[in-house]
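The following note comments on selected local features of the model. Please read the numbered points alongside the sequence and coordinates.

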Amino acid sequence: MNTLHRIDGRLHLEDVALDTLAERFGTPLYVYSRQALETAYQDYSRAFASIPHLICYAVKANSSLAILNLFARLGAGFDIVSGGELARVLAAGGDPGKIVFSGVGKTADEMRAALAAGILCFNVESVSELHRLSRVASDVGKVAPVSFRVNPDVDPKTHPYISTGLKENKFGVPIAEAPALYRLAASLPNLEITGIDCHIGSQLTELLPLTDAADRVLALVDTLAAEGMVLRHIDLGGGIGIRYRDEIPPDLAVYGRELARRFAGRRETLLLEPGRSLVGNAGLLLTRVEYLKPGTDKNFAIVDAAMNDLMRPALYEAYHDIVAVTPRNAPARRYDIVGPVCETGDFLGFARDLAIEEGDFLALLSAGAYGMSMASNYNSRPRAAEILIDKKEIHIIRDRETQSAMMAGERLVC
Ligand code: LLP
């Protein structure tokens, strides 16, 4: 079901009118639909039901505690990339035994924290990291579960900044070198080989790169098994795209069938690390039109959200649909939608046709993933508040940041 809909023209998320929400809590305001989050998770569960699997939500997509808690209660595991994300998952009630730890730069402190928590595995991305993990685990008297992130060198056909599985990318170890690395891992103290991992990129709109990568990884798993290295899980990463504009994202049911065919008769558990596809279309960003600034070349609508609230347009020229919360019965004009930050790159959308006046609210759609989690305080702008809608219920899941919170921890030099 579409949780975003209009009643008498007024935009609603579930049973809540977004204009009243914006008036009550102020803008910029992130708003999420509980039903959309749960449905997205259940779509994954259903698509992969025939394979023993664990969905490890990629925390970086949206690391707000209430959202992590919601997925934890649905049984999700988590893909983390920092000690901060580990702390968040634990604070949100996530099961440490379902956490995979990815990332090219894990520090010794982060390794110690993850070992103390008892995570499912470290997705190791280099030889140096493997040696460090062995040393740290020995120091604390633990055995670290190891899975290598292999780089299958397939082109995910997405934006270059978010493609990660090509050999020129910094991520993972080359797939051809993996057997030697597994042998090395088997020979080092305090390590236990548990799995294999790959993640080729984000916002993928084609299935073929994903199934190609799966085939390459499965072939490697069989080579390792022939050498007596039997793995418990195969992690195929995240990356499934969503519709921002007119993309046609891969059908999860088809992906599920493709993988079910490949996993038939296998013993390993399938792990997936979806981020965007679980949260992206479950959230939006509400903003108020502060000024309309007509020009000779173009018109600007200056809104109270900016690149610090939603960085994707500035960073990737990403497209987010922008709609009026309560459309006016007037002819539309063409606007560039820009924020108050002092950067030419501070835009949220170009050439959008809208019938709006100053004081109106706009909704930036598909903002649930990599929106709030990438927000910053640039221009000393406090970060937005977040609301979770559950039918008629309104939950404030994060207060608007205060100016004093923003300056907490800073000191003058006397
Ligand atoms: N696993 C690993 C190891 C990853 O690096 C990522 C995302 C994911 C899983 C989740 O991928 P997803 O299912 O969300 O595609 N900030 C960018 C996206 C960066 C993605 C980084 N890695 C954006 O706003 O589009």
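1. A polar contact is a pair of N or O atoms within 3.5 Å; within protein, one must be able to donate a hydrogen and the other to accept it, and residues adjacent in sequence count only if both atoms are side-chain atoms. The model is predicted, with local features requiring pLDDT of at least 70 and side-chain atom pairs counting only at pLDDT 80 or more, whereas totals for chains, interfaces and linings use all residues. Residues are numbered from 1 along each chain as its sequence is written, and side-chain values use heavy atoms, with hydrogens and water left out.

2. Ligand surroundings. The ligand is surrounded by 19 residues, the closest being S202, E273, R312, Y316 and Y370 (a residue is near a molecule or strand if one of its heavy atoms lies within 4 Å of it). An N or O atom in the side chain of Y316 is 2.7 Å from a nitrogen atom of the ligand. For E273, the corresponding side-chain N or O atom is 2.6 Å from a ligand nitrogen. Y370 instead places a side-chain N or O atom 2.7 Å from an oxygen atom of the ligand.

3. Helices α6 and α7. Helices (H or I, at least four residues) and strands (E, at least two) are DSSP runs, numbered from the N terminus. Axes are lines fitted to C-alpha atoms, for helices over the stretch in contact, and angles run from 0 to 180 degrees between N-to-C directions. Helix α6 (residues 127-140) packs on helix α7 (residues 178-187) at about 15°, and their axes are 11 Å apart. The two are therefore roughly parallel (angles under 35 degrees; over 145 is roughly antiparallel, 65 to 115 roughly perpendicular and the rest oblique). The contact (heavy atoms within 4.5 Å) joins V127, L130 and H131 of α6 to L181, L184 and A185 of α7. By class, this contact has five nonpolar, one polar and no charged residues; Ala, Val, Leu, Ile, Met, Phe, Trp, Tyr, Cys and Pro count as nonpolar, Asp, Glu, Lys and Arg as charged, and the others, Gly among them, as polar.

4. Helices α2 and α3. At what angle do helix α2 and helix α3 pack? The angle between α2 (residues 34-47) and α3 (residues 65-73) is about 45°, with the axes 11 Å apart. The pair is therefore oblique. Residues R34, L37, E38 and Y41 of α2 meet I67, L70, F71 and R73 of α3. Five nonpolar, no polar and three charged residues make up this contact.

5. Helices α4 and α5. Helix α4 (residues 83-91) and helix α5 (residues 108-117) have axes that come within 9 Å and cross at roughly 25°. That makes α4 roughly parallel to α5. On α4, G83, L86 and L90 meet E110, A113, A114 and A117 of α5. The contact divides into five nonpolar residues, one polar and one charged.

6. Backbone geometry. The T27 to P28 peptide bond is cis, with omega near -5°, and P28 is found in the loop between α1 (18-25) and β4 (29-33). N190, a residue other than glycine, has a positive phi near 60°. The loop between α7 and β11 (191-197) holds N190.
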